[in-house]
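Please keep the sequence and the model in view while reading.

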Amino acid sequence: QLREQNREAQLVAAQEVSKGYRNVTETLLEDPTLTGGFLNVVKQGFGELDEVEAMRVQLYIQSVLRFWEDAFFRYEAGRLDGRHLESVERGLAATISSPGFTQYWASRSTWYTDSFISYIESQRRNTPFRTVKETVKE
């Protein structure tokens, strides 16, 4: 019975994480200006954006990282299956080595827990940056 309850808890956590991923994805789909700003930042950093655009992209990156952090904590607590966390990693890992993320992370990483910082740093070391077009070609 305990095993079944754990399995149910993992399924609920997986559904919640999937919903979170849809939410961060829909944000870009619904706002072409944010999408353009985000793509600019990923490729070149924040230098080309005005302050308002830069703030919007920073908040978007923060929401993506909070989503990822939530999945990471659920996994650490045994509430999320490792395969599900792996799918989150694969979906997000290509951008965390980008110029814009590097710039964001240098100034904002202290906003996160030490364990999540270590986890993201490990992901960054093991994942080269790829543009959106490069990830689609695979």
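## Surface and charge

The protein exposes about 8500 Å², of which carbon and sulfur atoms supply 51%, with accessible areas taken from the Shrake-Rupley method with a 1.4 Å probe. This is a predicted model, in which local features need pLDDT of at least 70 and side-chain atom pairs count only at pLDDT 80 or more, whereas totals for chains, interfaces and linings use all residues. Residues are numbered from 1 along each chain as its sequence is written, and side-chain values use heavy atoms, with hydrogens and water left out.

There are 17 positive side chains and 20 negative ones, and the centres of the two sets lie 4 Å apart; Lys and Arg count as positive and Asp and Glu as negative, without His and the chain ends, and each charge is placed at NZ of Lys, CZ of Arg, CG of Asp or CD of Glu.

## Fold

The secondary structure consists of seven helices and zero strands, where helices are DSSP runs of H or I with at least four residues and strands are runs of E with at least two. Along its principal axes the C-alpha trace spans about 55 × 30 × 30 Å.

L65 touches F101, Y104, W105, Y112, F116 and I120, leaving aside residues up to four places away in sequence, a contact being heavy atoms within 4.5 Å.
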